[in-house]
Number of protein chains: 4
Amino acid sequence: MIHFDSDYMAGALPEIMQRLIDTNLEETSGYGTDEYTRRAKELIKSACGNDNSQVYFLVGGTQTNKTVIDTLLERYEGVVAADTGHINVHESGAIENSGHKVIALPSYEGKVKAEDVDSYLTSFFADETYAHMNIPGALYISFPTEYGTLYSKEELSAISKVCRKWDKALYVDGARLGYGLVAEGNDVTLKDLSTLTDVFYIGGTKQGALFGEAVVVNSESKRFANFTTIIKMHGALLAKGRLLGVQFETLFADGLYTRAAKNAVELAMKLQSGFIDKGYQPAIASPTNQQFFKLPNEVIDRLSKIATFEYWGPRGENESMVRFVCSWATTAGAVEKLLAAL
Amino acid sequence: MIHFDSDYMAGALPEIMQRLIDTNLEETSGYGTDEYTRRAKELIKSACGNDNSQVYFLVGGTQTNKTVIDTLLERYEGVVAADTGHINVHESGAIENSGHKVIALPSYEGKVKAEDVDSYLTSFFADETYAHMNIPGALYISFPTEYGTLYSKEELSAISKVCRKWDKALYVDGARLGYGLVAEGNDVTLKDLSTLTDVFYIGGTKQGALFGEAVVVNSESKRFANFTTIIKMHGALLAKGRLLGVQFETLFADGLYTRAAKNAVELAMKLQSGFIDKGYQPAIASPTNQQFFKLPNEVIDRLSKIATFEYWGPRGENESMVRFVCSWATTAGAVEKLLAAL
Amino acid sequence: MIHFDSDYMAGALPEIMQRLIDTNLEETSGYGTDEYTRRAKELIKSACGNDNSQVYFLVGGTQTNKTVIDTLLERYEGVVAADTGHINVHESGAIENSGHKVIALPSYEGKVKAEDVDSYLTSFFADETYAHMNIPGALYISFPTEYGTLYSKEELSAISKVCRKWDKALYVDGARLGYGLVAEGNDVTLKDLSTLTDVFYIGGTKQGALFGEAVVVNSESKRFANFTTIIKMHGALLAKGRLLGVQFETLFADGLYTRAAKNAVELAMKLQSGFIDKGYQPAIASPTNQQFFKLPNEVIDRLSKIATFEYWGPRGENESMVRFVCSWATTAGAVEKLLAAL
Amino acid sequence: MIHFDSDYMAGALPEIMQRLIDTNLEETSGYGTDEYTRRAKELIKSACGNDNSQVYFLVGGTQTNKTVIDTLLERYEGVVAADTGHINVHESGAIENSGHKVIALPSYEGKVKAEDVDSYLTSFFADETYAHMNIPGALYISFPTEYGTLYSKEELSAISKVCRKWDKALYVDGARLGYGLVAEGNDVTLKDLSTLTDVFYIGGTKQGALFGEAVVVNSESKRFANFTTIIKMHGALLAKGRLLGVQFETLFADGLYTRAAKNAVELAMKLQSGFIDKGYQPAIASPTNQQFFKLPNEVIDRLSKIATFEYWGPRGENESMVRFVCSWATTAGAVEKLLAAL
C-alpha cells in the first residue's frame with residue numbers, strides 16, 4: 001500500500017533522527033534554555049533576516065495557533081479568518097476555548113482577499129453598535145492554504161497593508177510553509193514574511209520533523225513579553241525543549257528544510273502532470289504538495305486498492321473530490337505506482 | 001420627540017412600579033429565596049402547564065444567553081444559531097468568552113429551517129474527522145427573531161423533532177416573547193414552548209419590567225442541578241432577588257404580561273398599516289412589535305425631525321432600511337404623529 | 001421578626017424609589033448613554049476630586065469584581081487577595097472562571113499587610129522559575145473588609161506604595177464603602193481612594209440602591225479603552241442603564257449616600273455598646289455596620305425567637321460566632337428590641 | 001559537569017531511540033489511530049489489570065493535568081490539591097486558565113491526609129452558602145509527590161474511600177510514577193491505582209521517554225466519551241501520535257519501564273546513604289529519585305563546581321535546602337563523583 005493521506009504519516013528526516021541519536025545522552029537544562037535551541041533560533045532569525053524577530057518553539061499546529069492567537073488578542077477580541085481556515089474548521093474549537101470568536105470571511109480556494117478584509121473592517125467600525133460585538137483583533141491566514149494555494153507577494157503585501165491601516169495583527173499559519181516557499185511561481189520569502197506579518201510559524205511536523213513548529217514574532221510586541229508563561233499555561237511548553245532545538249537546528253543548518261520540501265513539491269507536480277495526462281484536471285490550481293481532483297468513483301475505488309488518500313467532502317453519487325498529499329517522505333516510486341494505476 | 005428606537009427606553013409598567021413601592025421596605029432573604037420569587041415561579045410554571053419545569057430569574061438578555069448556553073453545553077461543544085442570531089452578532093462574543101463556538105447557519109428573515117439544521121447535523125456527524133471539530137451541542141433560536149418574525153407551531157415542532165432526533169438541546173431566546181405570543185396569526189403558546197424546547201426564557205426587560213428574564217427549564221436535566229452556582233459564577237445572581245420575583249409576579253398574576261404586549265403589537269400593526277397606506281411596504285413581514293421599512297433618505301430625514309428610530313444597516317445612497325419599535329410604553333398618539341409626518 | 005442578616009434585605013431608599021417613579025415613563029437611550037448616567041458620573045467624579053477618573057456602572061458586586069479583575073489582568077496573571085477575601089471565598093469561582101488564579105495571602109481580621117504583599121512579590125520574582133507560575137498582576141482588597149474592619153490611610157498608602165513599586169494594580173472592593181467612609185476613626189476619603197488606587201467601586205446594592213455599583217477607574221489605563229465591550233461580554237451591561245444613573249445621581253446629589261450610611265453605622269455602634277453593656281465583647285473590632293460576637297448558644301437561641309441573623313462559621317458546642325448587620329434600612333427600634341432580648 | 005537538576009535532562013532510553021529509528025520511515029495514520037498506539041494501550045491495560053480502563057497518550061505533564069482535570073470537572077467545580085501540588089504552584093495557572101479553582105489543603109511532605117479531605121468536604125457541604133462557592137469536584141494528588149514521598153496503600157485506600165463517599169473523582173499525577181512503584185517499602189501497584197482512582201497517568205517524560213504521558217481512565221465515565229475532541233481543543237493531540245505509541249510500547253513490552261526506574265532509585269538511595277555517611281540527614285524521608293538536603297552554603301558552593309542541582313527555596317544565610325534528582329540516565333559514576341566531592 002502506498003500513502004497519500006497526509007504529510008505527517010512518516011517519522012522524521014534521517015538527518016534529524018541521526019542528530020537526535022547523536023545528542024541523546026547529553027544532559028541539558030529544560031524548557032528550551034539549552035544551546036541547541038539557542039542556535040536553532042539564531043539560524044531561523046538569520047534565515048528571516050530580521051534582527052527584531054524572536055523565535056519560539058512549540059510542539060504542534062493547533063497548539064501553536066491557539067497559543068499565538070490567544071497572545072495576540074485582547075480577551076474581547078476575535079480573529080478574522082477564511083471560512084475554510086484550519087482554526088475555523090478543524091481545531092475542535094480551540095480558539096473559542098480560549099475565549100475568542102473566529103470571524104469567518106468568504107474564501108477563494110482557501111484565500112481571503114485584502115479588499116474583503118478591508119471592507120469588513122470598514123463596515124464593522126462604521127457600525128455605531130460595534131462595542132456590542134466581538135471586536136476583530138487579528139487576521140489569520142495560512143500559507144499555503146488548506147487548499148494548497150499560495151498568496152503572491154503582491155496579495156500578501158496588500159493584506160499586510162490593510163492590517164496595518166487598521167492596526168490589526170497579521171498572523172500566518174505556516175504548517176506547510178516550506179512546501180509553499182519552494183513552489184514554482186512563488187515569490188514570497190521568509191524575509192517577506194518577517195516584514196509583512198506580525199507573527200508566522202514555520203511548520204516542522206509536516207515538513208520532516210518528528211514534531212515542532214517555530215513561531216517567529218516580528219514585532220517587539222509587549223504582548224509576547226511573558227510568552228513562556230503563556231505557553232506553559234496552555235500546556236504547550238515541552239520539558240525536553242532541546243528536542244525542538246535539535247530538530248530545527250538540523251533543518252536550518254544547511255538548507256535541509258528547503259531540500260526536503262522540494263522533494264515533496266516536485267513529486268506533487270509529477271503527480272499533477274500524470275493526472276492531467278490521463279485527462280483529469282486539478283480541481284484547484286495548487287502549486288504545492290497537496291493536489292485535489294474530482295474523480296469518477298470507479299477510478300477512486302480502483303486507486304484505493306493500492307493507495308490510501310482522503311475524500312475531500314462527502315462521496316458523490318458518481319464522482320467525488322479527493323486529495324493526494326506528497327511529503328518529504330514520498331518516493332518517486334510511489335507516485336509512479338499511483339499514476340500507473342490511474 | 002417621539003421614540004421608536006427600541007423596546008427598552010422607558011422604565012416599567014406602572015403596576016410594577018407600584019408593587020415595588022408597596023413592598024419596598026419589607027425585608028426578605030436574598031438571591032431569590034423569598035416568597036415573591038417563589039410565587040412568581042409558581043405563576044410561570046402554571047402558565048406553562050409543565051410540572052417538570054423549573055423557573056429561574058436573571059437580570060438581562062445577554063447574561064441569560066451566556067449563562068444558559070454555558071450550562072447546556074459541554075466545554076467542547078458549540079451552539080448552532082442563525083447567522084443573524086443575537087448571540088452571533090450583538091453580544092460582544094459573550095458565548096465565545098465562555099469557550100463555545102457559535103456555529104452559524106443561513107437565516108431566512110431571522111429564522112433557521114429545520115431541514116437546514118438536520119442536514120447540517122447529518123453531514124457533521126457523517127464527517128469522519130468530526131472529533132477534530134467543535135461539536136454542536138444545542139440549537140439557539142429566537143422567538144420572535146431579531147427581525148420580528150415568528151416560527152409557526154409546525155415549524156417549531158419540526159425544529160424540536162430534529163433536535164430530539166440528534167439529542168441536541170433546543171433553547172429559545174424569548175427576549176420579546178410576549179410580543180410574539182400575542183401576534184396575529186401566531187399559534188405557538190407557552191405550553192408549546194414548554195413541551196417543544198429544553199429551555200426558553202420569557203423576556204421582562206423589553207416587556208414592561210425594569211429588568212429581568214425568566215428562564216424556564218423544561219427537562220429534569222442534571223445540568224441545571226447546580227444552576228444557582230453557575231449563575232453566581234457568571235456574576236448574574238441578583239442580591240435582592242425578590243425584585244425579580246415582585247416584577248414577574250405582577251406580570252403573571254392577572255395577565256398583565258399579555259395586555260402590555262398587546263398594546264405594543266396593536267400599535268405596531270397600526271404603524272405598519274399607516275406605512276402601507278402611504279405606499280411603503282414592510283421590508284420584512286413582521287407581525288410583532290418591530291417593523292422594518294426601506295425608505296427614501298429624504299423621508300427618513302423628515303421623520304427624524306420628530307422621531308428617533310434606528311438604521312438597520314448602513315445608510316444607502318438614496319434609500320435605507322430603518323426599524324421602528326413599539327413597546328408596552330408606546331402611545332397611540334406617538335404612532336399617529338409619526339404617520340402624520342410620513 | 002426583626003432582621004440583621006445582611007445589608008441587602010430591603011428595597012431602596014425612599015428618595016431613590018421616588019426618583020425612579022418620577023422618571024419612569026421618560027424614554028431614553030440604553031446602556032448608560034443617557035443624561036442621568038452622565039450626571040451621576042459627573043457627581044461621582046466630583047466627589048472623588050480626580051479629573052482623570054472614569055466612572056462606570058454595573059449591577060452587582062460579584063459581577064463587578066469579575067469584570068474589573070478580568071480587565072486589570074493579563075490572561076496569565078492572577079490576583080492577590082486576603083484568604084478571607086470575597087473573591088476567594090464567596091463568588092463561586094467567578095474569578096477563576098475568567099481564567100485567573102486568586103493568590104491568597106494571610107489575613108488579619110480581613111486585612112492584608114503591606115509588608116506581606118511586598119515580601120510575597122519579592123520572593124515571587126526572586127524565584128528563577130516564576131515564569132512557570134501564575135504571575136501576580138493586581139492586588140484586591142476590600143474596604144470595609146468582610147469582617148467590617150478598615151484600613152487606615154497610612155495602611156492604605158503603604159499598600160498603594162507596594163503596588164506601585166511592583167507595578168501591580170490596586171483594586172478596592174467597596175461593596176460597603178459608605179459604611180467605611182462614615183465610620184468613627186476612619187481617615188480614608190473618596191479622594192484618597194482616587195489617588196491611592198487604580199480602580200475601586202462604590203457599592204450601591206448594600207447602601208440604599210435597589211442594585212448597582214459605581215466603578216471608578218483612576219488611571220488613564222489603556223486596559224479600560226474598550227470597557228463597555230468587556231462589560232457586555234461578561235453579560236453585565238444593563239439595557240436600561242439609566243436606572244443606574246438615576247439611582248447614583250440621587251445618592252450623590254445632596255449627600256444621601258453619606259446620610260444613609262451614617263444611620264447604619266450609628267445603629268451598629270449602638271448595638272455594639274448594648275452588647276458590651278451586657279458583657280459581650282465584640283469578636284472583631286469593627287467600626288462599621290457589621291458586628292461580630294461569640295455568644296453562648298442559649299443566647300443565640302433566645303435572640304433567634306425575635307430576630308434573624310447569621311452564624312459566622314459552624315455552630316459550636318457551647319458558643320458560636322454570629323454576625324449582626326445594620327443597613328440604611330435598620331431602625332433604632334429594631335436595635336432596641338434586639339438588645340432588650342439579649 | 002555532572003547533573004542532578006531534574007529527571008528530564010537527557011533524551012530517551014536507547015531502546016526507545018532504536019525503536020523510533022526502526023519504525024521511522026513507516027507510514028501510519030495520525031492522531032493515535034495506529035497499531036503501535038493500539039498495542040501500547042493494550043500493554044498498559046494489561047499491566048493495570050483493569051478491563052474497564054481506557055488509555056490515552058498526551059505529550060507532557062502540565063498539558064495532561066490541564067486536560068484531564070478540565071474533563072473531570074464541571075465548569076463550576078474546582079480541584080482540591082495539596083498546597084504544594086504541582087498544579088497549585090508550577091503550572092502557570094493552567095488549571096485556572098480552564099476556569100477551575102485549585103482549592104489548596106495543608107500538605108505534609110507533599111501529601112494530603114484522607115481525614116483533612118474528609119473534614120474539608122464535610123464542612124464545605126455543611127455550609128449553607130456553599131452554592132456561592134466554587135464546588136470541589138475532584139481531588140488531585142501526586143505519586144510520588146513533589147517531595148519524593150509516597151502514599152502507602154493504606155493511605156491511598158483511605159483517600160479513595162473519602163472520594164467515593166463524597167462522589168468526587170480521584171486523580172493521581174504520576175509524572176514520576178515508576179520511581180514510586182519501584183521504591184523500597186512501596187506497596188502500591190498499578191492494579192491498586194486502577195481500582196482506587198478514577199484517573200491516573202503514567203509519566204514518560206521523566207522516566208525514559210523523549211516525551212509522553214499515558215492517561216489511564218478507570219471508570220466508564222461519560223465525561224471521557226469525547227476525550228479526543230477535548231484533547232484536540234486543548235492543543236494536546238499529537239499529529240504523529242504513533243510516536244507516543246512506539247515509546248510506550250517499548251517501555252511496557254518487557255519491563256523496561258520498571259528497570260529504568262530502578263536504576264534511578266537505586267542510585268538515589270546510594271546518594272542518600274553517601275550523604276548520611278558524611279553526616280547529612282535527608283530533609284525529607286524520600287524513598288524515590290528525588291533527594292532533599294539542607295546543606296551548609298560552603299558545601300553547596302563546593303559541590304556546584306562539579307555538579308548542577310537546584311535550590312529548593314531561597315538561599316539561606318548559612319545553609320540552604322537543595323534537591324538532587326537521579327533519573328534513568330544517571331550513572332553510578334556521577335553519584336560517586338558527587339559523593340567524593342561532598
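Guide: Let's start with a rule: a salt bridge is a side-chain nitrogen of Lys or Arg within 4 Å of a carboxyl oxygen of Asp or Glu. Run over all chains, the search turns up 52 salt bridges. Bear in mind that this is a predicted model, where local features need pLDDT of at least 70 and side-chain atom pairs count only at pLDDT 80 or more, while totals for chains, interfaces and linings use all residues. Side-chain values use heavy atoms, with hydrogens and water left out, residues are numbered from 1 along each chain as its sequence is written, and chains are lettered from A and ligands numbered from 1 in the order in which they are written.

Visitor: What makes C:Lys153 and C:Asp192 a salt bridge?

Guide: Their side chains meet at 3.2 Å, N to O. The rule asks for a Lys or Arg nitrogen within 4 Å of an Asp or Glu carboxyl oxygen, so the pair passes.

Visitor: Which parts does that pair tie together?

Guide: C:Lys153 lies in helix α7 (residues 153–165) of chain C and C:Asp192 in helix α9 (residues 190–196) of chain C, so the bridge links parts 39 residues apart in sequence. Helices here are DSSP runs (H or I, at least four residues), strands are runs of E (at least two), and both are numbered from the N terminus.

Visitor: How many salt bridges are there between chain C and chain D?

Guide: The count is two. In one of them, D:Lys101 meets C:Glu96 at 2.7 Å, N to O.

Visitor: How do you know which residues of chain C and chain D are in contact?

Guide: Contact means heavy atoms within 4.5 Å. By that test, 17 residues of chain C touch 17 residues of chain D. The two chains bury about 1,400 Å² between them, 42% of it on carbon and sulfur atoms; buried area is the accessible area (1.4 Å probe) that two parts lose on being put together, summed over both. On the chain C side, C:Ser92, C:Glu96 and C:Lys101 supply 36% of the area buried against chain D, more than any other three residues.

Visitor: What counts as polar contact between chain C and chain D?

Guide: A pair of N or O atoms within 3.5 Å; within protein, one must be able to donate a hydrogen and the other to accept it, and residues adjacent in sequence count only if both atoms are side-chain atoms. Between chain C and chain D, 13 residue pairs qualify, both residues at pLDDT 80 or more. On chain C, α4 (86–89) and α5 (94–97) each give at least two residues to the side touching chain D.

Visitor: What is the picture for chain D and chain A?

Guide: Here 42 residues from chain D meet 42 residues from chain A. The buried area is about 3,800 Å², with carbon and sulfur atoms giving 60%. The side of chain D that touches chain A divides into 19 nonpolar, 16 polar and seven charged residues. For those classes, Ala, Val, Leu, Ile, Met, Phe, Trp, Tyr, Cys and Pro are nonpolar, Asp, Glu, Lys and Arg charged, and the others, Gly among them, polar.

Visitor: Why is something called a cavity here?

Guide: On a 1 Å grid over the protein atoms alone, it's a set of points where a 1.4 Å probe fits but cannot get out; lining residues have an atom within 4 Å of a point. Points are joined across faces, edges and corners, and the volume is the space filled by probe spheres set on them. The search gives 12 cavities of 30 Å³ or more.

Visitor: What lines the largest cavity?

Guide: There are 29 lining residues, with A:Asn97, B:Asn97, B:Ser98, C:Asn97 and D:Asn97 nearest the centre. By class, the lining has no nonpolar, 16 polar and 13 charged residues.

Visitor: And what about the second largest cavity?

Guide: Its volume is about 50 Å³. Strand β5 (residues 135–142) of chain C gives the most to this lining, with three residues. The classes come out as five nonpolar, three polar and one charged.

Visitor: Which residues does a cis peptide bond join in chain A?

Guide: A:Phe143 and A:Pro144, with omega about -10°. A:Pro144 sits in the loop between β5 (135–142) and α7 (153–165) of chain A.

Methods
On a 1 Å grid over the protein atoms alone, a cavity is a set of points where a 1.4 Å probe fits but cannot get out, and a pocket is an open set with protein on both sides within 12 Å along at least five of seven lines; lining residues have an atom within 4 Å of a point.
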